[in-house]
Amino acid sequence: MGKSVLVVNGPNLNMLGTREPEIYGKLTLADIQRACEDRANARDLGLGFMQSNHEGELVSAIQGALGTHDGIVINAAAYTHTSVAIHDALKAVGLPVVEVHISNTHAREEFRHQSYIAPIAKGIICGFGIDSYLLAIDALDNIFQQRN
Ligand code: DQA
């Protein structure tokens, strides 16, 4: 059976392209989705991709990954730094998780240095723009294939 990855995107990422382009670049979330689909296809993976501005919807999407996906790539955006609910949902589901960020959160304000996702993630990729997502898909595939 082919493996499948769910990519979860949190608040304000729907505004990529026009939102603070000096930090996040000019690519839109649709561009990121296309690039993730291409990478998943190249690696024979299924791909789900979602975005919500609502914490509860993100929790429900994570819960829904159980039985439908084999790993999660998550850019929880601002909820990274605040959400016990998303931490608990990821822990409850128990799938391998890669935390991603477009920007290098550690080179920014101090409130972005704390992550509620990091303690339950396999690893964290930040600061590489769209490549953060593609590297995370590669990392999950390596985990699936037990190549790491
Ligand atoms: C972000 C970094 C977060 O601190 C911020 O709240 C975001 C985007 C990133 O991808 O760089 O919304 O997750």
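How far is the sulfur of C36 from the closest cysteine sulfur? The sulfur of C36 lies 16 Å from that of C126, too far for a bond. The structure accordingly holds zero disulfides, a disulfide being a pair of cysteine sulfur atoms within 2.5 Å. C36, at 0% relative accessibility, is buried, and C126 is buried at 15%. Buried denotes under 20% relative accessible area, exposed over 50%, and partly exposed in between (1.4 Å probe, protein chains only).

This is a predicted model, in which local features need pLDDT of at least 70 and side-chain atom pairs count only at pLDDT 80 or more, while totals for chains, interfaces and linings use all residues. Residues are numbered from 1 along each chain as its sequence is written, and side-chain values use heavy atoms, with hydrogens and water left out.

The whole structure contains seven salt bridges, each a side-chain nitrogen of Lys or Arg within 4 Å of a carboxyl oxygen of Asp or Glu. Among them are the following.

| Pair | N to O distance |
|---|---|
| R39 and D138 | 2.8 Å |
| R43 and D138 | 2.6 Å |
| R43 and D141 | 2.6 Å |

Salt bridges with shared partners join R39, R43, D138 and D141 into one network. R39 belongs to helix 2 (residues 29-42) and D138 to helix 5 (residues 130-144), 99 residues apart. Helices (H or I, at least four residues) and strands (E, at least two) are DSSP runs, numbered from the N terminus. R43 lies in the loop between helix 2 and strand 2 and D141 in helix 5, so this pair ties together parts 98 residues apart in sequence. D138 is buried at 15% relative accessible area, as is D141 at 4%, whereas R39 is partly exposed at 27% and R43 is partly exposed at 25%.
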